[in-house]
Amino acid sequence: DRVARQTEKSKKLNYILSKFIIWSKDNSSETFQLFKNIAKGHALSSLLSMKGVCNYVGKMSGVTIALDSPIIFNLLSLNEKVNFDMSSELLGILKKQGCDFIIFKQHYQEVLQTFNSTIHLLYTKDYSLDKASRLLKYAVRNNISASFLKNKREFLDSILSKWNISICEAPSIPNRYSEIDSVKLNELLMKRYLDNNVEIDDNKRKTIENDVDVISYIYRMRGNSPASNLKNCNAILITTNTALAYASKHPELSNVCHSIPVCMTDAFLSTILWFCYPDTSSDINEKVLLSECYNNLSLSDEILHRFYSEVKELDASTPISEEIMLNINTSRMVQELLESKTFNETSLYTDKTTAEILQEIEISRNTEIKTLSGTLDNHDTKFLSIAKIAAGTIIFFVWLGLVVLFLILKYIDYSNWTNIWKIVLNILSVIPALWGLLSWFGIIKNKAYILDFLTNKIDNIITDWLLAFEF
């Protein structure tokens with residue numbers, strides 16, 4: 001229990017510190033520089049005390065770098081901007097070192113599948129954030145539309161081409177090579193996820209299968225020769241998945257003992273390269289720091305799962321309206337409220353948290369309705385004013401036309417005009433008399449009635465036109 005409490009406290013502290021570091025980046029350069037120096041000191045002390053740090057030497061010329069699907073989304077700017085910056089700079093450094101980039105077909109298909117499912121869910125709004133992919137959560141939080149993601153999907157092959165990233169099939173098995181224990185790796189990953197309260201659904205199982213296959217491919221590419229340093233490691237998988245990086249270096253997976261892990265996180269490899277190959281023009285250490293801060297702010301699946309589980313229980317006992325449920329399932333407000341109330345720490349999630357969030361969502365919805373109602377009232381008033389002006393203008397021109405007609409009939413001699421004009425004018429001469437007679441009997445209404453009638457008609461036409469234009 002004591003260890004658990006200390007872990008939870010560290011999560012809250014990490015959340016608060018991360019918020020402050022990100023704030024200082026834009027608001028206090030001196031404070032941010034202080035944090036950068038502390039981060040560099042921590043990175044140096046960690047590396048110097050790390051077992052086997054002396055193995056991370058040698059220029060990586062000819063090393064094949066396999067990219068996991070989250071790295072591709074970083075390169076497409078579908079994560080926080082700092083992750084785009086870090087991935088771009090990391091690949092730039094590796095390219096200078098002489099590395100080749102690949103993505104295995106399983107991970108490429110995973111990228112496409114994530115795109116397609118996210119686009120579909122954004123169109124239908126039939127999703128729940130506790131089971132959402134990272135891309136869907138990011139899209140909801142940043143108000144990214146399905147059409148925007150479709151454009152990004154079309155841009156995928158251009159990004160691969162820009163970085164010379166090849167799509168590869170499974171490599172051949174070397175002679176006298178023994179495959180890794182894939183079952184063991186699968187078990188290690190499953191245990192790691194379950195220990196962190198990650199829900200294992202069909203999509204997650206498929207992702208695990210893909211990751212196991214790709215790790216086995218990296219081992220194949222290394223063959224029977226142990227990787228003793230970066231120069232002769234032959235192949236590495238870069239990922240953002242710490243669970244995969246941790247599980248893939250288990251000593252029981254392979255008979256060949258590699259000093260250089262087959263899988264590394266982008267943050268770890270960036271730090272290694274910064275340490276081994278310092279470059280005054282590169283500030284990748286800053287990007288690693290900011291990337292870690294944004295990762296600390298990412299709401300845990302455990303908190304999301306608890307919230308949605310309790311919402312389902314409440315809905316079963318006291319039905320929640322469809323509008324509120326839609327807001328709960330698809331709005332970024334849920335993520336923001338959970339973050340502000342829990343600091344990403346599960347122990348701060350109380351029995352009242354769900355009810356408080358639902359109440360705030362209801363209050364927010366009512367406020368939006370009132371604001372929208374006020375906006376619509378203002379628009380209605382403007383439209384009514386326009387309609388009155390238009391109706392008054394119509395009445396004026398009708399009156400003006402009658403006056404002109406009266407003057408023509410009274411003062412202009414049209415006896416010598418052609419027969420057709422005589423017939424037309426004789427018919428028109430009846431209008432003033434007929435108008436007066438119909439007005440006397442009440443068939444033609446007075447000016448105020450006609451003005452109101454025309455105003456309402458024009459107002460309805462304007463409203464219908466704007467609604468049709470909007471949709």
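**Salt bridges and a buried threonine**

With a relative accessibility of 29%, R306 counts as partly exposed, a class that lies between buried (under 20% relative accessible area) and exposed (over 50%), computed with a 1.4 Å probe on protein chains only. The model is a predicted one, in which local features need pLDDT of at least 70 and side-chain atom pairs count only at pLDDT 80 or more, while totals for chains, interfaces and linings use all residues. Residues are numbered from 1 along each chain as its sequence is written, and side-chain values use heavy atoms, with hydrogens and water left out.

Helices here are DSSP runs of H or I with at least four residues, strands are runs of E with at least two, and both are numbered from the N terminus. D351 is exposed, at 70% relative accessible area.

By the same rule, the count for the model comes to 13 salt bridges. One of them pairs K36 with E286 at 3.1 Å, N to O. K36 belongs to helix α2 (residues 29–48) and E286 to helix α13 (residues 284–297), so that the bridge links parts of the chain 250 residues apart. Both partners are buried: K36 has a relative accessible area of 8%, and E286 one of 14%.

A further salt bridge joins the side chains of E169 and K105, at 3.3 Å from N to O. Here, too, distant parts of the chain are linked, 64 residues apart, with E169 in the loop between β3 (165–168) and α9 (182–195) and K105 in helix α5 (residues 105–124). E169 counts as exposed at 52% relative accessibility, whereas K105 is partly exposed at 36%.

Helix α5 also holds T118. T118 is buried, with a relative accessible area of 1%. Setting aside neighbours within four places in sequence, T118 is in contact with S133, L135, L136 and L149, where contact means heavy atoms within 4.5 Å.

How values were computed
Salt bridge = Lys/Arg side-chain N within 4 Å of Asp/Glu carboxyl O.
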